[in-house]
Amino acid sequence: MQFKISIRKANFKDTRFLLKIHNESVKRKFINSTKINNKNIYIWDRWFKNKIKSKNFITFIGNKNQKKFGYVSFDEIKKNIFEVRIGNLPNFYNKGLGSLMLSISLKKFFKKYKPKKIISVVKKFNKRSSKCFLKNGFKKKKINYQKYSFLSKFDLKNDEYFELNKLTK
């Protein structure tokens, strides 16, 4: 399938959109986190505001026909090593949009930041996400936990580790 999508850098106005995807991911158990509700939304807002000001974090918003459908974020977790996360709204699942959004985001990201390595940690049952990373040149690796102890949320039993050292497309 061929789609025409665009991506742009996220700004603070995207906070509720990203929160919607976050809460959907929590509900579907794709991430180890808690749902953000109206009582603790100010924590989310403060966290996101600080993140988007950081030089070590960038989020792209995916748009199709001027409708936001997903995001790709890169967060520096160690010198020149970034963790990538991707998320879509459920009504945009299984359309190839996440893979295309990741591909475009990777090109922009590599051009500007020249990372040594990009990694991702994915729940084993999340086949859609695993397929997306593999399609974009990531390699599934066994994790050397001593070498990557900074991946504190990594669950050896339930997570898979993907790595990308350079763009292949």
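**A colleague's note on rings, strands and one asparagine**

1. Let's start with a charge and a ring: the charged end of Lys49 sits over the ring of Phe12, 5.5 Å from the ring's centre. Please keep in mind as you look that this is a predicted model.

2. Ring pairs link Phe12 with Trp44, Trp47, Phe48 and Phe57 into a cluster. In total, the structure holds twelve aromatic pairs. Take Trp47 and Phe57: their ring centres are 6.4 Å apart and their planes stand at 70 degrees, so this pair is edge-to-face, the term used for planes over 60 degrees apart.

3. The Trp47–Phe57 pair also says something about how elements meet. Trp47 belongs to helix 2 (residues 41-53) and Phe57 to strand 2 (residues 57-64), so the pair ties together parts that are ten residues apart in sequence. Are the two residues buried or exposed? Trp47 has 40% relative accessibility and counts as partly exposed, whereas Phe57, at 8%, counts as buried because the cut-off for that label is under 20%.

4. Arg128 lies over the face of Tyr93, and the distance to the ring centre is 3.9 Å.

5. Now to the sheet, which is open, has seven strands in the order 1-2-3-4-5-7-6 and shows mixed pairing. Which strands stand at the edges? They are strand 1 (5-9) and strand 6 (139-141); each has a single partner strand, so one side of each is left without a neighbour in the sheet. From one strand to the next, the twist averages 30 degrees.

6. As background, strands of a sheet pair through backbone hydrogen bonds, either parallel or antiparallel.

7. Last, a polar side chain. Asn23 sits in helix 1 (residues 15-27). With 13% relative accessibility, Asn23 counts as buried, because that value is under 20%. What does the side chain of Asn23 have 2.8 Å from one of its polar atoms? The backbone nitrogen of Ile36 lies there. Leaving aside residues up to four places away in sequence, Asn23 touches Lys35 and Ile36.

Methods
Residues numbered from 1 in each chain as written. Predicted model: local features only at pLDDT ≥ 70, side-chain atom pairs only at ≥ 80, totals over all residues. Heavy atoms only, no water. Phe/Tyr/Trp six-rings, centres within 6.5 Å; stacked < 30°, edge-to-face > 60°. Helix = DSSP H or I, 4+ residues; strand = E, 2+ residues; numbered from the N terminus. Buried < 20%, exposed > 50% of the residue type's maximum accessible area, 1.4 Å probe, protein only. Lys NZ or Arg CZ within 6 Å of the ring centre and 35° of its normal. Pairing = 2+ DSSP bridges. Axes fitted to C-alpha atoms, helices over the stretch in contact; angles between N-to-C directions. Polar contact = N/O pair within 3.5 Å; in protein donor to acceptor, adjacent residues only side chain to side chain. Contact = heavy atoms within 4.5 Å.
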